[in-house]
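Reader: Please show me the model. I want to go through the ligand and its surroundings.

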Amino acid sequence: VETDTGKAADGVSAVIPGWFSEISPMWPGEAHSLKIEKILFQGKSDYQDVMVFQSSTYGKVLVLDGVIQLTERDECAYQEMITHLPLCSIPNPTKVLVIGGGDGGVLREVARYSSIEQIDICEIDKMVVDVSKQFFPAVAVGYEDPRVTLHVGDGVAFLKAVPAGTYDAVIVDSSDPIGPAQELFEKPFFQTVANALRPGGVVCTQAESIWLHMHIIEDIVANCRQIFKGSVNYAWTTVPTYPSGVIGFMLCSTEGPAVDFKHPVNPIDANDSQKSRPLKFYNSEIHTAAFCLPSFAKKVIDAK
Ligand code: SAM
């Protein structure tokens with residue numbers, strides 16, 4: 001029987017020597033493992049443990065507080081979907097805010113839209129920004145866009161100070177609801193997001209796994225229904241190195257011009273300003289398909 005420390009009851013380590021195993025109370029009884037070739041960085045910021053290692057099959061890997069945040073091989077799935085699901089759903093976005101996302105991958109994807117004039121990012125941990133620039137240049141390239149302004153601080157406080165109706169879109173690229181990201185999953189935060197969006201503005205948040213966190217998702221959907229009077233939708237995609245191999249997204253819009261998230265009006269795969277670095281994962285078909293849910297999830301998410 002395995003104990004919470006990830007050690008088998010007889011004291012034999014459940015972690016295979018030379019492998020990283022993602023043991024967490026957020027997914028009890030299971031752990032995804034990656035073979036380590038070399039540990040490249042280990043540090044402790046004011047907010048979390050930060051580690052980078054070279055894996056044998058997924059390239060370099062960023063880990064925060066023992067949880068895999070991204071790998072070079074499959075980060076495209078997450079960064080492209082969390083960005084293009086909202087931004088392809090509104091015509092001509094001009095002002096976008098990213099909360100979290102310190103690795104720069106979402107910035108890289110937002111920068112594809114020539115209509116965008118201002119990209120703000122509020123990331124709480126400068127160590128994540130610095131480590132990403134050092135070890136993940138193809139991800140942190142997003143910081144090189146002149147439209148980007150980095151604010152180092154808590155996204156909760158940042159949103160409270162944003163004037164009403166400032167942004168066309170807010171993307172909440174947060175870690176999980178334990179540690180510094182906890183408040184980014186709570187109702188007061190969603191209220192400040194709605195306040196910061198223009199009428200018909202959109203928000204996309206990282207919304208966990210339907211296989212592991214239906215209880216968290218149920219609460220988030222209920223809170224969003226009370227706050228976002230445009231539309232409330234849940235989409236999902238595959239990211240092999242996330243727990244259960246999938247990740248979901250809440251996609252909501254404020255009252256105002258109707259937003260039909262399921263049929264992109266602004267298809268980036270047709271007018272990408274960065275043809276030199278083509279999309280690896282997102283396209284308009286997978287956009288629409290992302291909103292098709294298995295019955296056990298539909299029952300909870302679509303329940304009025
Ligand atoms: N973009 C990554 C990926 O491809 O999966 C994963 C998420 S990103 C690394 C999550 C970021 O949210 C981290 O850099 C973390 O420091 C940041 N974060 C957590 N809580 C925060 C808060 N309250 N305000 C701002 N940033 C926060």
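Reader: How far is a nitrogen atom of the ligand from an N or O atom in the side chain of aspartate 103?

Author: This is a predicted model, where local features need pLDDT of at least 70, side-chain atom pairs count only at pLDDT 80 or more, and totals for chains, interfaces and linings use all residues. Residues are numbered from 1 along each chain as its sequence is written, and side-chain values use heavy atoms, leaving out hydrogens and water. A polar contact is a pair of N or O atoms within 3.5 Å. For aspartate 103 the distance is 2.7 Å.

Reader: How much of the ligand's area does the protein bury?

Author: Accessible areas come from the Shrake-Rupley method with a 1.4 Å probe. Alone, the ligand exposes 590 Å². The buried part of that is 99%.

Reader: How many residues surround the ligand?

Author: A residue counts if one of its heavy atoms lies within 4 Å. By class, the shell has 10 nonpolar, 10 polar and 5 charged residues. Among the closest are Gln69 and Tyr242. The total is 25.

Conventions: Polar contact = N/O pair within 3.5 Å; in protein donor to acceptor, adjacent residues only side chain to side chain. Nonpolar A, V, L, I, M, F, W, Y, C, P; charged D, E, K, R; others polar.
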